Amino acid sequence: MVRNFKMRKIAIWNWLFALVIMIAIVWTVWETNDYWNLFPLILPILIVIDERMTRIQVRDNGDIWIRRGLSGSVKAYGVMRIIKQKTKKPWSRGRVLIYYTKGFINVDPADLNGFIQCARERNPHAEYFEE
């Protein structure tokens, strides 16, 4: 059985960046009357859709997969250590650092305590720290 967790909402800076790019593209189309210039508008929309569709999956064997919406997935096999990072800034990202056999990844689940509890239940052999 797989347990899914949503990522935390998109940071306001990402929304503002996408909005500024969209306004700039629409403004150039308005000035030039060349509607082919609307084509680059697809990129920021796809980035926002991709970020909203991202899910963190905790597998029965303790592996953690990050399923991205449009851009593939990251599979953390053999999780060895999970570190919950205390951040002073509430808008900062990457609150959980996961070390696995091939490296590490940062994730930012919406339900932080539920994610840590589920990861502990599924993989009791991993080390759990709080920084």
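Of the 21 residues in the largest nonpolar core, which touch the most other members? In this predicted model, local features need pLDDT of at least 70 and side-chain atom pairs count only at pLDDT 80 or more, whereas totals for chains, interfaces and linings use all residues. Residues are numbered from 1 along each chain as its sequence is written, and side-chain values use heavy atoms, with hydrogens and water left out.

The residues of the largest nonpolar core that touch the most other members are Ile 64, Ile 82, Val 96, Ile 98, Val 107 and Phe 115. At least two residues of this core come from each of β2, β3, β6, β7 (103–107) and α3, and α3 gives the most, with five residues. A nonpolar core is here a set of buried Ala, Val, Leu, Ile, Met, Phe, Trp, Tyr and Cys residues joined through side-chain atoms within 4.5 Å; buried means under 20% relative accessible area, exposed over 50%, and partly exposed in between, with a 1.4 Å probe and protein chains only. In soluble globular proteins, nonpolar side chains tend to be buried together. Residues up to four places away in sequence aside, Ile 82 touches Ile 64, Val 96 and Ile 98, among others, where contact means heavy atoms within 4.5 Å.

An open sheet is formed by four strands in the order β1-β2-β3-β4, with antiparallel pairing. Its edge strands, β1 (3–6) and β4 (73–76), each pair on one side only, and the twist averages 20° from one strand to the next. Helices (H or I, at least four residues) and strands (E, at least two) are DSSP runs, numbered from the N terminus, and two strands pair if DSSP finds at least two bridges between them. Helix α3 (residues 112–122) lies across β1, β2 and β3 and runs at about 155° to β1; axes are lines fitted to C-alpha atoms, for helices over the stretch in contact, and angles run from 0 to 180 degrees between N-to-C directions.

Strand β2 (residues 55–58) is joined to strand β3 (residues 64–67) by four bridges. Gln 57, in strand β2, has Trp 65 of β3 as its bridge partner and is buried, with a relative accessible area of 13%. The side chains of Gln 57 and Arg 59 are joined by a polar contact of 2.9 Å, that is, a pair of N or O atoms within 3.5 Å; within protein, one must be able to donate a hydrogen and the other to accept it, and residues adjacent in sequence count only if both atoms are side-chain atoms.
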